[in-house]
Amino acid sequence: MKKVGIIMGSDSDLPIVKKATDMLTTLDIPFEVHVYSAHRTPVEARDFALNARANGFGAIIAAAGMAAHLAGAIAANTTLPVIGIPCKGGMMDGLDALLSTVQMPTGIPVATVALNGAANAALLAAQIIAVEDAELAAKLDAKRASDAAVVLEKDKGITERL
Ligand code: RP5
């Protein structure tokens, strides 16, 4: 199975990124995690992206806050799908990171999830890998069904309470 690469701009992003690693672990998807910054270690971030396809990755998740150029900088150097997680924090509480991640120029797409949306980033990466993996696709279908069952159980609970 192809691996998912997870890059974060700082180890201070780890509490957010942990939700992505937990989800990938639950789904038995192999992943590799790195701290590379678009600004502090641009050479390492670029090299990771340039070599990612040859190194067996199928999708890359990039998490960063504030002037969050990491996902875009990774996407500039690979045609693998790149999923950006804008991280909350700083003076604008994540609005700066959201806009920096989502407002990519035509030609270099980044699939941006919600602020701190690490679980969805992992699920989107899983869905990308599952395009060519029927077993993983079945796992994702089963997860959707069990998530729906939880909501329907809550629906019953609400009716009983009111
Ligand atoms: C971004 O700046 C990082 O992704 C992080 O969200 C933020 C703050 O980084 P630190 O100063 O905590 O290392 O580049």
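I looked up Y36 first: its relative accessibility is 18%, so Y36 counts as buried (under 20% relative accessible area; exposed is over 50%, partly exposed in between; 1.4 Å probe, protein chains only). The model is predicted: local features need pLDDT of at least 70, side-chain atom pairs count only at pLDDT 80 or more, and totals for chains, interfaces and linings use all residues. Residues are numbered from 1 along each chain as its sequence is written, and side-chain values use heavy atoms, with hydrogens and water left out.

**Aromatic pairs**

I then listed ring pairs (Phe, Tyr and the six-membered ring of Trp, centres within 6.5 Å; planes under 30 degrees apart are stacked, over 60 edge-to-face, the rest tilted). The count comes to two aromatic pairs. The ring centres of Y36 and F48 are 6.2 Å apart and the planes stand at 50°, so this pair is tilted. Y36 sits in the loop between β2 (31-35) and α2 (42-51) and F48 in helix α2, so the pair ties together parts 12 residues apart in sequence. Helices (H or I, at least four residues) and strands (E, at least two) are DSSP runs, numbered from the N terminus. F48 is buried too, with a relative accessible area of 9%. Y36, F48 and F57 form one aromatic cluster.

**Strand β3**

I checked β3 (residues 57-65) next and found eight of its nine residues buried. Pairing requires at least two DSSP bridges between two strands. β3 pairs with β1 (residues 3-8) in the parallel sense over six bridges, and V4 stands opposite A59 in β3. Six bridges also join β3 to β4 (residues 82-87), again parallel; A62 has G84 in β4 as its bridge partner. β3, helix α3 (residues 70-75) and β4 make a right-handed β-α-β unit (with the strands pointing away from the viewer, the path from the first strand over the helix to the second runs clockwise).

**Positive phi**

Most residues other than glycine have a negative phi. I noted M66, in the loop between β3 and α3, with phi near 55°. D93, in the loop between β4 and α4 (95-102), also has phi near 55°. At 42% relative accessibility, D93 counts as partly exposed.

**Largest pocket**

Of its 19 lining residues, the closest to the centre are G9, S10, R40, G65 and M66. A pocket here is an open set of points on a 1 Å grid over the protein atoms alone, where a 1.4 Å probe fits, with protein on both sides within 12 Å along at least five of seven lines; lining residues have an atom within 4 Å of a point. The lining divides into seven nonpolar, nine polar and three charged residues, with Gly counted as polar.
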